[in-house]
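User: Please take a close look at one helix in this chain. I would like to know how it sits among its surroundings, and what the rest of the chain looks like around it.

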Amino acid sequence: MTGNTNNYGSKRYSRNRFRFLTTKRNAGRYGNRIINVGDAPPPLLEEEVDDSVQTVFVDNSIKSSKYTILTFLPCNLFFQFRRFANFYFLIVALIQLIIDSPVSPLTSISPLVFVVLVTMMKQGYEDYKRHKNDSIINNRPVTRLKHGIVQRIPSSKIEVGDVLQIHEGDDFPADLILLSSSDPRGRAYIMTANLDGETNLKTVLSPKPTQNLKKAEDLSDFSCRIECENPNSDLQKFVGRILVPGNTKEPLSQENLLLRGTSLKHTAYVFGCVVYTGQDTKMSKNSKMTPIKFSTVELSLNRYLLFFVVLLLAEVFLASILRFTQGLDLELVGPVPWYLGPSVVVNIYQVIQDSLSFLVLFNYVVPISLYVTLEFQKFVGSFFLLWDEKLIDPDTGNPPICNSSDLNEELGQVEYLFSDKTGTLTENVMLFKECSIDGLRFADSATSLLSLNETKSSEKSINHFLQSLALCHTVEVSINDSDLHYEASSPDEKALVDICRKYGTAFMGTFDTGDEQSEEEILQLVIKDRPKEQLFKRMRILEFDSDRKCMSVIVQDEEGNIRLICKGAESSVLPNCISGEIEITKEHVDIYGTVGLRTLVVCEKQLTESELDQYLVKLKEASISLVNRSEKLKDVYREIEKDLHVLGAVAIEDKLQDGVKETLIRLGQAGIKIWILTGDKRETALNISQSCGHYDPSTMHLLDLCKEGSQVSDAITDYLYKTRVGDDRNCLVIDGKAVRSLFAFKDTIEPFLNLALRCRSVICCRMSPLQKAEIVKLIKNSPESPITASIGDGGNDVSMIQEAHVGFGIMGKEGRAAVRSSDFAFGKFRHLQRVLLVHGHWYYVRVAILVHYFFYKNVVGFTPQLIYAFFNNFSAQTLYNGVNLTLYNIVFTSLPIFVYGLIEQNISADDLLQRPDLYKKIANNALLDFKNFIIWFSAGVWHAIVIFFGFYLLCEDVDLSRVSFGLGIYQTSLIVVSVRLLVQSRYWNMYLIGSVFVSLAGFVIFTFIFHSLRIPSSFYGIVTDYWLPVDRLTYWEIYILMSRYQIWFGWLLLVVVCISLDLFVLTSKKSAKDFETVFKMLKSKFGKKSFDLNSQRWEDTTAFTNMAFVISREDIKH
């Protein structure tokens, strides 16, 4: 049995069959799709198939890889040479091949090839893993029914219209309509954690006409036609209908759909018809590519590269001008000395040749290996986060996860943190705490509801309330080892059914009425002190949706009484109530909200049979509509859910996680502004904010924007007038309705932004997932362009996690959707303070110094090339040999800074946690600002000048060749930049010192070998028995150089002269910081007035000493 999308028996359809260009790319232009199921002739539609109907579909293969064997090389090279540094060195290498280069083209080609190959291998390996994952998914075996025969095919061969059999525990390979299942009622239970993050089982129903098709033989002679909407990303919506023989139409909705990415649970097997495949599935539609994120350091790096390219061009221009105005071998300058040979003729060719030669000589100041070193430093450095034992979840033993090592240093730059509440700040373990019944309050106790009222409560009212709670839900019952177990779509529902059972009203499950064409079910309750079970007929479920914020059931008891039971948010339900203790219930709900409890209001309404029949007819008409079905159903739901009688309310506690308050306080002290984004009500969000230290009503002003329409704009204007910039004592609260008003009236966005930036804390309540992402995007794109981070644990947090600069996932109870979409993930919210304050600080310092050091060491190493040009008549002669030019960046100076970038800890972890204010000192990319850049650049120039002229003066007393002179400067540069790195480090250890020793010793050993190496003369085409040096210019030079004691003394002297200034600058900066710290402590000890520098000049040094003595040793230590 297979799908047939071609045999419709209509001329118009026969034209559709040739639309083979219909793909995912243009499927959006169609309104609906028609799927023919079965081998028998299908029933005809009343409507004629037209051009708005899609009948040709994509296959079911999944592709996440970027390359194929044929495209890997050209595409990877293309993407690599889009990087500025690689393209720059490619141009330089080509220039060396074209002109009469002063150095071998290999000096540029070799490091470029090395960098490109290393990056290519890394990206090739990553794409190979993607290919393997794709292959596993596409070749996963699936059972298909075709012509009544059961077949095993790979998942990639599935087509729209195929009927598949899925067994318990298997994942669904495509989006299917459930036809039948092993369950007698045609139900299936699925786990949707991979899609929406919820771990509770969901129930899917099969249409009535196909429920009894339990075997492959039953389906072999069955045919039908499915018409449904074209694919979209809405996981909570599906509109379709099934047409079976006899021209019977049955509506299809979300409750009939089995989604790809979900798995079958507690059901032996199901049969389903494929409606969406491959990139058309809802999972693929929601799996948008995570936006490419760039760290702040990368932006600074690009600016530095641009500066050095401009500097390089300026050096080339200067050298070229001096070459053709001061060159001694030019007749224009004067008589040409005999030893310079023939005079140089100045023409355009000679100008280009010499200018490009200078470009080749000076281009090494741009570090070619910076990108690849930085990339590997981030990749390897991320493992230190994963190996941190203090970040392991104590409950599950799971270590942290790093999905994006490119953003390591961004952890040290976060300015705004957007946090989900439920499951992130709280445990997501729902516990019943209190309830309100007929205006009276009750609390949870060991055996019964504990009255909190002076007025005596009615037992009948309590039982009726518990009975209503035990009926208004979609919970399923399973029995494990004779124990009743509830499976619910949300932890709230499970908690409520559990509490009803605890207090004597136990829900025992559901069973069919026996009528195959009826949607009604029998609910069974066991009520304490009653001799037999109570049976209720559930006639209809009005599903929950985020607009109504409630759900309802229509039930009929054994006496024939029909009633609607509704539960939901008080803001949606109470306005529809006309009787009962409405005001008192609202007061109780507000009380529950102020102590941080989640609340639900429970109501009911009596219905007559005629009213019920009218509603059922309207529901049937709305449910089979293919146009605006959801809106039509909501209209009918609202018509039913009015004129209600309030029964009471329930309050459920979601406990704070351990360490949340301490974490938020420390992050606040670190200068991070924290926003809480939640779907809960205002009072609950405010109380949670208060209990976790986010909002302190005793010291902060509350700015309430929970309004609608023009009231939002008026409130913003008023608050802007009352507040001022720099006042961090404000807390802003805003709800989803106000956010909708903000984005509806664009003029209010900028004033809102100005107001929000004046607040230390912001609480956003009643927020949808899309609104969460919009708020993050609004702050991220504000004029200040702050670095943002988002943290959440569920599928509803994915959008804001992806929107922020850095996304954090909590490995909680709501599946893995947030973890997969995040950049970093860990088990508990409290781990965030260590991730940001410790690892974030270390990562940023390491990367910032690495970037500065790379440019610094190149300035030190290659500025002598420029200075040397003034001593060689600007003849474009190189100071160093080609091998040393090639290996300087990629071998001799790379290892120490790589090790530094992995293990440097300029401040201990304990101090960083105890002093969160240290995080502020590196905020706003402080270490990569213009001042620090100038300091490092100036140090590089100073060291280069000292080294060159120091050796120049040394050569007056020591007879050295040009090659030895260049080798001495080169070796001195290596020693100076290595010692400078040790001076910079605050965490000396055997690894860092060992890397410096290995690099310097490696250079010496390599140079001794290279300068001694000889090869047979036949290699040069000379037939003799002699062996000739590999490089006759450098042969034995290292021996000559290191045999002179003056050289050893010169190295020591030059290192001391170079480093002494750096030590002086670093010591001066530290002394200034120490004085600033002591001064701040004095102000905090004795008050601001006494020690204001503007009013007191500190002339009495004795008094200063005595007063400073008051500071404790521990204060000074920090």
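**Helix α4 in its setting**

Analyst: In this predicted model, buried residues account for 53% of the chain's 1118 residues. The chain contains 35 helices and 38 strands, and it exposes about 50800 Å², with carbon and sulfur atoms supplying 57% of that area. Of the contacts between residues at least 6 apart in sequence, 72% join residues at least 24 apart.

Now to the helix. Helix α4 runs over residues 106-138, which is 33 residues. At 1.5 Å a residue it should span 48 Å, and because its end C-alpha atoms lie 45 Å apart, the two values agree.

Which residues of α4 are buried? They are T107, S108, P111, L112, V115, V116, V118, T119, M120, D127, D134 and N138.

Elsewhere, the largest nonpolar core has 101 residues, and F308, F362, V851, F855, Y856, F951 and I969 touch the most other members. Helix α25 (residues 831-869) gives the most to this core, with 18 residues. Leaving aside residues up to four places away in sequence, F951 touches V946, L960, F965, G968, I969, T972, I1047, W1051 and L1054. Another core lies apart from the largest one; it has 38 residues, including L484, I499, M551 and I652.

Methods:
Residues numbered from 1 in each chain as written. Predicted model: local features only at pLDDT ≥ 70, side-chain atom pairs only at ≥ 80, totals over all residues. Heavy atoms only, no water. Helix = DSSP H or I, 4+ residues; strand = E, 2+ residues; numbered from the N terminus. Buried < 20%, exposed > 50% of the residue type's maximum accessible area, 1.4 Å probe, protein only. Contact = heavy atoms within 4.5 Å. Areas by Shrake-Rupley, 256 points an atom, 1.4 Å probe, with all protein chains shown as cover. Core = buried A, V, L, I, M, F, W, Y, C linked by side-chain atoms within 4.5 Å. Expected span 1.5 Å × (residues − 1).
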